[in-house]
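Me: Please examine the structure that follows and answer some questions about its packing and its chain contacts.

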Number of protein chains: 2
Amino acid sequence: MTSVNANRSLTVVALSGGLDSCVTAATAAAEGRRLAFAHAHYGQLTEARERRAFHEIADHYDVAARIEFDFRRFAEFGGSSLTDSSMDVSPADLTNRDVPTSYVPFRNANILAACVAWAEAIGAEAVAIGAVYEDASGYPDCRPEFFDAFRRVVETGTKPETRVAIETPVIGMSKAEIVRKGVELGAPLELTWSCYRNEERACGLCDSCAYRLRGFAEAGVEDPIPYDVRPNYR
Amino acid sequence: MTSVNANRSLTVVALSGGLDSCVTAATAAAEGRRLAFAHAHYGQLTEARERRAFHEIADHYDVAARIEFDFRRFAEFGGSSLTDSSMDVSPADLTNRDVPTSYVPFRNANILAACVAWAEAIGAEAVAIGAVYEDASGYPDCRPEFFDAFRRVVETGTKPETRVAIETPVIGMSKAEIVRKGVELGAPLELTWSCYRNEERACGLCDSCAYRLRGFAEAGVEDPIPYDVRPNYR
């Protein structure tokens, strides 16, 4: 049994290893809370690289606990370009508001459910997740209404004495605002990984690279990770 | 990728292998729907026996698809007598309305989230779960309010064209009513397993055995599975 005892309140952060979840962690750390990091494997193509980012960011924040959840069953479902190697990851289209091919069915509900269970078991008072809606690419489970509904599930589905807040500190931010917030809080952005395709050097061409590069450009900050190409996205 | 195509509508049933989930499956089958069964491993002590029940009931209903979800991480959290071999499974106390030691943190949220993801991927229109509130032992994630909240999570967190109903056909039934319904629908009650402690012959003494035995007795039906002892519960 994981035992995490101290006076400062404990927050579980769902940490993919990307920019948004890193800045989410930085936000909780800046409030003086202790952190516990949870990472989900769901058979994504770049899993090994994301896991490395997860552990490096966890080391950076000297987290009180870390856990990995195995959702590789999602890969067997198929239907998402992030987990199905027979589908191409779409080239970036920053104007498309349809649900993209990289949508993984109900991913955030599964990640939140696991994080809340862990939070209840280790006595954490919050689960923070780096979902972004404003500048995001149309995932239904990144909408504020989804998180509001999930809060009600937590209220009704846990023990009466349990209080676990669901926090989405970057949900209303643009990528540029997230970059600026990360820089302001001293978040280790050089340790993050966002590319859906590559593990050595980011491709610069997938949706995730495009949003990230545009965000850094708009923030006037140089992205510290290596890229194969760095197009100018507007 | 699981491919399930036919004209009749498809329902995912969260099937533990116990009485309640078997009668839940029987209810959907009686409406002429095709079935897809999902089973969760969460490190419970009687997992091997429950899995056998799952597969035998799946064979009985000739299901269109079956899947097993690995939630054994829950066992590492500790805190539940169902998954922690250092805790005793409490003897039955049918009057206790506190959250029992067998509570697994946020279990039904995790099971539902996985089932809805699978349902969305295979085109199922409903997820049915055998939660019981009326005659149950105080699990917060068996309350109708919890399922109402989860329905809203599904509405907000899946693709716009996705419609997955969350069904709890036995939630308001007593165990005796569930037994009667199972007999009426020809459910294979002899294949089910409910005991929290044993795998060969049910113990007859744990909470789950006690509720089951009382239910069969009140229904005037003989429980077809073997027991070490069969106390008369009132």
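Reply: Two residues are in contact if their C-beta atoms, placed from the backbone, lie within 7 Å. The model is a predicted one.

Me: Which residues does Val12(A) touch, not counting residues up to four places away in sequence?

Reply: Val12(A) has its place in strand 1 (residues 10-14) of chain A. Leaving out residues up to four places away in sequence, Val12(A) touches Ala36(A), Ala38(A), Cys115(A), Trp118(A), Ala119(A), Ala124(A) and Val127(A).

Me: Is Val12(A) buried or exposed?

Reply: A residue counts as buried if 20 or more other C-beta atoms lie within 10 Å of its own. Val12(A) has 30 other C-beta atoms within 10 Å, and therefore Val12(A) is buried.

Me: Is helix 5 of chain A roughly parallel or roughly antiparallel to helix 5 of chain B?

Reply: Helix 5 (residues 144-157) of chain A packs on helix 5 (residues 144-157) of chain B with axes 8 Å apart and at an angle of about 160 degrees. Angles over 145 degrees count as roughly antiparallel. Helix 5 of chain A is therefore, relative to helix 5 of chain B, roughly antiparallel.

Me: Which helix of chain B gives the most to the side of chain B that touches chain A?

Reply: In all, 36 residues of chain B are in contact with 36 residues of chain A. Strand 3 (65-70), helix 3 (73-77), helix 4 (107-122) and helix 5 of chain B each supply at least two residues of that side. With 10 residues, the element that gives the most is helix 4 of chain B.

How values were computed:
Residues are numbered from 1 along each chain as its sequence is written. Chains are lettered from A and ligands numbered from 1 in the order in which they are written. This is a predicted model: local features need pLDDT of at least 70, side-chain atom pairs count only at pLDDT 80 or more; totals for chains, interfaces and linings use all residues. Axes are lines fitted to C-alpha atoms, for helices over the stretch in contact, and angles run from 0 to 180 degrees between N-to-C directions. Helices (H or I, at least four residues) and strands (E, at least two) are DSSP runs, numbered from the N terminus. Angles under 35 degrees count as roughly parallel, over 145 as roughly antiparallel, 65 to 115 as roughly perpendicular and the rest as oblique. A residue is buried if 20 or more other C-beta atoms lie within 10 Å of its own, exposed if 12 or fewer, and partly exposed in between; C-beta atoms are placed from the backbone.
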